[in-house]
Amino acid sequence: MRTAPTILHLDMDAFYAAVEQASKPSLRGKPVVVGGLGPRGVVATASYEARVHGVHSAMAMAHARRLAPNAAYLIPRFDLYRRVSETVMGILGELSPLVEPLSLDEAFVDLEAGGTTEAPRQVAERVRARIRAATGLTASVGLAGSKLLAKIASEQGKPNGLVVVEPGTERALLDPMPVRVLPGVGPATGEHLRRAGIGTVGEVALAGESELVQLLGKAHGASLYAMALGLDSRPVVADRDAKSVSVEDTFDVDLTDRVRVRSELDRLADRCVRRLREAGRSGRTVVIKVRSYDFSTLTRSETLRAPTDDPGVVRETARRLLEAVDTANGVRLLGVGVTGLADFTQEDLFAQAAELEAELAAEAAAVRAAELAEREAADPEGRPAPAAGPARAVRWMPGQDVRHTEFGAGWVQGSGVGRVTVRFEEPTDCVPGRVRTFAVEDPELEAAEPLPLVP
């Protein structure tokens, strides 16, 4: 524990939803929910106006819609969130060389390493003001002598607040708090402690280490006791080296078609490799994750001869792993990951990739030949196939950025029955924009890149 509150924890307020409100004037001050919009979608973030109705992150989207039927439900725009996050992290990086990002919207900063003589509270106020000016968003900050207390303090400051835990006041802050505020205390541990008559952090401290060890085991019990006393010596670590890269998707309807499952697996493998390459890494072990209709989940993995970032290699390895999995009863979730990360690839894998691509090409040719044979069997006289029908209608998603040649920039409010409704407004507008409805295939309407929140 430090003798001064020089560890800063910053957490952007309702980040995804706040970005959406900042970019869409018509949604400011209104309930906004961001996440997957399908029947099995999950809430990623809810604005504070939506939280009043009981909506929170990780909640099933269907449940959220029942709680807040009048909220705006939007798809996530991760490219924009990442750009805003880079701005925030850049500002934090000017304070100290030791910045430990925990996610796009959250980070620890070691102010001691920055060498500033300015008081920690003044630094925190200044950085919050800079973030507001650069992004238009608010952030909550906690200052304390440890990471544990700084994070708890920032949570206490939400939204748009600053809480400083001065040395000697740690127990006064912690003791009345529910035990679930401590890291590692989930629903099961919390219930276990409740049955033992322990409901607050102060009661954890009074219980003593020996009783906690008996209740929870040596490692967990001792760790919980130390946290209840406010003890935490973890340093701020600037380089949090990723041990794996993975992607996964939950499907609105269980996949039972083996061809569809394989196609989705290929798509996930390609996404995984894109992330791998963006991180400048390669990996040696390919992992797939399959969750069945009954929520049972299994993983399969295969370790290659050397690290790779080749999409053909990852795709084919994932396919081999899938062959050993029974998917006949339906697949709810698929995932592909790469572990055993390295900063290089092995040259001899290019030959392996070429072989795999050749196999895929041969397989595609076989599929085309089978389709041709099927058509000939259906029409032995060899008459030409009928002309292809009209292209499938464009799918517009709520919250998606668009641009119209006449009306300019806007975003999709909703679509259906061949129509799409767009609100035309920009982040710099002071009043809600006008709404127009078009055919979904209107040639003057196209997808667009998000506009910056601050000019």
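These notes take the sheet before the salt bridges.

Entry on the model. I note that this is a predicted model.

Entry on the sheet. I looked up the strand order and found an open sheet of 3 strands, β3-β2-β4, with mixed pairing. β3 (43–46) and β4 (72–74) each have a single partner strand and stand at the edges, so one side of each lacks a neighbour in the sheet. From one strand to the next the twist averages 25 degrees. I then checked β2 (residues 32–35) against β4: the two run parallel and are joined by 3 bridges. V34 stands opposite L74 in β4. Helix α1 (residues 15–23) packs on this sheet and touches β2, β3 and β4. The direction of α1 makes about 120 degrees with that of β2.

Entry on salt bridges. I got a count of 26 salt bridges.

I looked at D110 and R2, whose side chains meet in a salt bridge at 2.7 Å, N to O. D110 is in strand β6 (residues 106–110) and R2 in the segment before β1 (7–12), 108 residues apart. D110 is buried at 6% relative accessible area, while R2 is partly exposed at 22%.

Next I took E125 and R128, which form a salt bridge at 3.2 Å, N to O. Both lie in helix α6 (residues 120–135), 3 residues apart, about one turn of the helix. E125 is partly exposed at 37%, and R128 is buried at 14%.

Last I checked D249 and R267, which meet in a salt bridge at 2.8 Å, N to O. This pair links strand β9 (residues 244–255) to helix α13 (residues 258–278). I also found D249 and R267 in a salt-bridge network with R260, E264 and R271.

Technical notes. Residues are numbered from 1 along each chain as its sequence is written. This is a predicted model: local features need pLDDT of at least 70, side-chain atom pairs count only at pLDDT 80 or more; totals for chains, interfaces and linings use all residues. Side-chain values use heavy atoms; hydrogens and water are left out. Two strands pair if DSSP finds at least two bridges between them. Helices (H or I, at least four residues) and strands (E, at least two) are DSSP runs, numbered from the N terminus. Axes are lines fitted to C-alpha atoms, for helices over the stretch in contact, and angles run from 0 to 180 degrees between N-to-C directions. Contact means heavy atoms within 4.5 Å. A salt bridge is a side-chain nitrogen of Lys or Arg within 4 Å of a carboxyl oxygen of Asp or Glu. Buried means under 20% relative accessible area, exposed over 50%, partly exposed in between (1.4 Å probe, protein chains only).
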